[in-house]
Amino acid sequence: MCGITGYLGFREAYPIVINGLQRLEYRGYDSAGIVLTSSDKKLKLYKTKGKVSDLKEIVKTKDITGNLALGHTRWATHGIPNDENSHPHVSNSGRLVIVHNGIIENYDTIKKELIKRGYTFQSDTDTEVLINLIEEVQIKNNCKLGKAVQLALTNVVGAYAIAVYDINKPDEVIVARLGSPLAIGIGENNSEFFIASDASPFIEFTRDAIYLDDEELAIIKLGKKIRVRKINDDSIVKPNIQELKLNLEQIEKGGYDHFMLKEIYEQPSAIFDTFRGRLLADQGIIKMGSVDNNITKFLNAKRIIIVACGTSWHAGLVGEYLLEDIARIPVEVEYASEFRYRNPIINKDDIVIAISQSGETADTLAAIKLAKSNGAFVFGICNVVGSSIARETNSGAYTHAGPEIGVASTKAFTTQITVLTLIALKLGHLKGELSNSKFHNYLQIMKSIPSKVEKLLTVSAKVEKIAAIYKDAPNCLYLGRGYNFPVALEGALKLKEISYIHAEGYPAAEMKHGPIALIDESMPVVVIATKKGHYEKVVSNIQEIKSRNGRIIAIVTEGDTIVKEIADHVIEIPETEEAFTPLLTTIPLQLLSYYIAVMRGCNVDQPRNLAKSVTVE
Ligand code: M6R
């Protein structure tokens, strides 16, 4: 979490860095700050609790000139969100500045040592400790800044992406990473450089970028090629310059009020892009290089363990239903944060599938490392190309959903399910669990999903009216069975994270084992009651809610008549195979949360206390 960005070159740095901070604000928005330096070697440091827009207000009357700048947008870990704890931080001499994304776990021990040596601290942050440690190491060893950063980092336990400079050397920035992402954009002939947590702040300036790997440090000097070395053994690394594929429109709102709404509406094309080149329905093939190249492993897998967090974990649960039902492979779905610490049994014949939109989630990354060290083959399903998880896994498939900026995951969820569906269908067919004709039929049905999602999005106005009725409800229940139980969990997560209404998802039949006690006339209950998914049983559950005066919002299959008679509101989804319904039932639930949150005046794209990419455990 936290976003860092920076510029070193011939242009005025302020507009580039402030714009970059706005693009990175999805990573944290507790506070924002910027430091600028020009050839006069003065330190211009401005920071504040609040958002980048607050920072922009503050600097209106200040000197913001300089060709070198670092910026930071914070998701607080050590120290409350206030001005002092905001980044950038400055060393005691006032010479070195730093921005940091991550956590220095042993900061307290280091801080005590530094205090003994006379250092003082203005903030409660681990980052201020780190910049003073770097200063202390540099003084002690009388070395260049790059060396001092490297030596200091060998004493550090934790995770970091940092950018550091010395105001007396305004032509050089040192960056390093361990566990938190860091990209460097390179201008023509090394005349300018851009630093950022992801490439979005600099895509309009350059297409050439380096993604640092863990334990790497780079020395960025104007007019020179970037030098990269390993922090621990000092070995030289040849930088891998990649060409960025991202485009500007993809990271802008494109006329929508919020990124979340834009991303909900992008789902037909996002799902289509996930299919592209893979679902060859007319040829009767699913082509997935990463699965094809490891097909023996997949077919011989005794078990698949899916690890993920949040929405990606919910996609994993849908994956469990798909892979067990269609491919008949036993599946366990684990919260990555639990898996990594509970001494799990991992066998060599197990396949671990790690799911992550950002590809940077710290717990998922740690779960992958654990699984690999136990000999498992780890397959990643990620959205962000070149992300840490994409690189750490043995193989994997990108979702190709395009950038997801809204903190609440929407298109990432449906495209993750799309990849899992393709894998399940492919393995089910190859294992002989799906007959040829059924397989071909499924491919045709899958192919029609994007247009069905498109059609479904026209329920938006109806969902908005329902949202207006329930926007003040203090609680909400979400119920589903089978394939749609994880969708109920996801619907509840969406509502609570962006509207702050307490919501719970349950398997519909579990209701009578406890949650039914909550039902009265003030409790909206969202029930997914699709035609083929244990329909009669869900109808009975709906009757049970009705008898207790609960208010029912039902998601039903087109043409349903029975639920219509009982429910207060019905939202119809187009008919499809039950296994594919999560791709449709999810959509109205996303819209419902969105409209409720907007009507409650919540910040939909940046809900409180959250960040898009959770790079701390
Ligand atoms: O980037 P990841 O998919 O690994 O992120 C996992 C969760 O942090 C994420 O899904 C989170 O739950 C979202 N805010 C949900 O909308």
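Q: Which element gives the largest share of the lining of the largest cavity?
A: In this predicted model, the largest cavity has a volume of about 90 Å³. Strand E6 (96–104) and helix H4 (126–141) are the elements that give two or more residues to its lining. The largest share is three residues, and it comes from E6.

Q: How many charged residues are in the lining of the second largest cavity?
A: The second largest cavity has a volume of about 50 Å³. Its lining includes Tyr470, Leu495 and Pro524, as well as Asn475. By class, the lining has ten nonpolar residues, one polar residue, and as for charged residues, no charged residues.

Q: Which helix gives the most to the shell around the ligand?
A: The space taken by the ligand is the second largest pocket. Two elements give two or more residues to the shell around the ligand, helix H10 (310–327) and helix H18 (485–499). The helix that gives the most, with three residues, is H10.

Q: What distance separates an oxygen atom of the ligand from an N or O atom in the side chain of Thr361?
A: Thr361 is among the closest of the 14 residues that surround the ligand. Ser312 has a side-chain N or O atom 2.6 Å from an oxygen atom of the ligand. For the side chain of Thr361, the distance from an N or O atom to an oxygen atom of the ligand is 2.4 Å.

Key: Residues are numbered from 1 along each chain as its sequence is written. This is a predicted model: local features need pLDDT of at least 70, side-chain atom pairs count only at pLDDT 80 or more; totals for chains, interfaces and linings use all residues. Side-chain values use heavy atoms; hydrogens and water are left out. A residue is near a molecule or strand if one of its heavy atoms lies within 4 Å of it. A polar contact is a pair of N or O atoms within 3.5 Å; within protein, one must be able to donate a hydrogen and the other to accept it, and residues adjacent in sequence count only if both atoms are side-chain atoms. On a 1 Å grid over the protein atoms alone, a cavity is a set of points where a 1.4 Å probe fits but cannot get out, and a pocket is an open set with protein on both sides within 12 Å along at least five of seven lines; lining residues have an atom within 4 Å of a point. A molecule sits in a cavity or pocket if more than half of its atoms lie within 2 Å of its grid points. Helices (H or I, at least four residues) and strands (E, at least two) are DSSP runs, numbered from the N terminus. Grid points are joined across faces, edges and corners, and a volume is the space filled by probe spheres set on the points. Ala, Val, Leu, Ile, Met, Phe, Trp, Tyr, Cys and Pro count as nonpolar, Asp, Glu, Lys and Arg as charged, and the others, Gly among them, as polar.
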